[in-house]
Amino acid sequence: MGWDAFGLPAENAAIEHGFHPANWTQSNIQHMRKQLDELNLSFNWDREITTCLPDYYKWTQYLFIKLYEAGLVYQNEAMVNWDPVDQTVLANEQVDENGCSWRSGAKVEKKYLKQWFIKTSAYAKNN
């Protein structure tokens, strides 16, 4: 089981409810675990991961550094879905059929932002 627990929307929700983001996230995870247990679902909790904990993200940082050292990442500008209220990028799935943010309700803007890309084709050829 994994908890994708990183991002500005989660941080904004915590602040909106008067909690520190780390406490808010851990509380939500514990609540969800309790609900899953009450449903008698069987998970191997020894293999649980939480993306906002250093034990997880140290590996994503490590992999990025290795890809960077191998010349397999680069920066470029690309069009993104921008939520002007939460001040964050949204995936297409987080934009409703009316072009509004799933969380803030704001009209999503299209804008270019500089971001990192991985040369996946070049990586595949090297391995």
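Biologist: Leaving aside neighbours within four places in sequence, which residues is I29 in contact with?
Modeller: This is a predicted model, so read each contact as a prediction. Residues up to four places from I29 in sequence are set aside. What remains in contact with I29 is W3, A5, E48 and T50.

Biologist: How many residues apart are K66 and E69 in helix α3?
Modeller: Their side chains meet in a salt bridge of 3.6 Å, N to O. K66 is partly exposed at 38% relative accessibility, whereas E69 is exposed at 56%. About one helical turn separates them, because they are 3 residues apart.

Biologist: Is D86 buried or exposed?
Modeller: D86 forms a salt bridge with R103, at 3.5 Å from N to O. The pair links distant parts of the chain: R103 lies in the loop between β4 and β5, D86 in the loop between β3 and β4. R103 counts as partly exposed at 27%. D86 has a relative accessible area of 7%, under the 20% cut-off, so D86 is buried.

Biologist: Which residues are linked with D86 in a network of salt bridges?
Modeller: R103 is one of them, through its salt bridge with D86. E16 also belongs to the network. The residues linked with D86 are E16 and R103.

Biologist: Which elements do the buried residues of α1 pack against?
Modeller: Helix α1 covers residues 8-16. Its buried residues include P9, N12, A13 and A14. They pack against α2 and β4.

Biologist: How many bridges join β3 to β4?
Modeller: The two strands form a hairpin with 4 residues between them. Q87 in the turn has a positive phi of about 55°. N81 stands opposite L90 in β4. The strands run antiparallel, and the bridges number 3.

Biologist: Which residue of β5 is the bridge partner of E77?
Modeller: Strands β3 and β5 pair in the antiparallel sense over 10 bridges. Residues 73-83 form β3, and residues 109-118 form β5. The partner of E77 is K114.

Biologist: Is Y112 buried or exposed?
Modeller: Y112 is found in strand β5. Not counting residues up to four places away in sequence, Y112 touches E77, A78 and M79. Its relative accessibility is 52%, over the 50% cut-off, so Y112 is exposed.

Biologist: Which residues make the nonpolar surface patch of about 340 Å²?
Modeller: M1 is one of them. M1 sits in the segment before β1 and is partly exposed, at 31%. The patch is made by M1, L39, L41 and F43.

Conventions: Residues are numbered from 1 along each chain as its sequence is written. This is a predicted model: local features need pLDDT of at least 70, side-chain atom pairs count only at pLDDT 80 or more; totals for chains, interfaces and linings use all residues. Side-chain values use heavy atoms; hydrogens and water are left out. Patches are made of residues with over 30% relative accessible area and no salt bridge: like charges are joined within 9 Å, nonpolar side chains (Val, Leu, Ile, Met, Phe, Trp, Tyr) within 5 Å. Accessible areas come from the Shrake-Rupley method with a 1.4 Å probe; for residues, only the protein chains shown count as cover. A salt bridge is a side-chain nitrogen of Lys or Arg within 4 Å of a carboxyl oxygen of Asp or Glu. Buried means under 20% relative accessible area, exposed over 50%, partly exposed in between (1.4 Å probe, protein chains only). Two strands pair if DSSP finds at least two bridges between them. Contact means heavy atoms within 4.5 Å.
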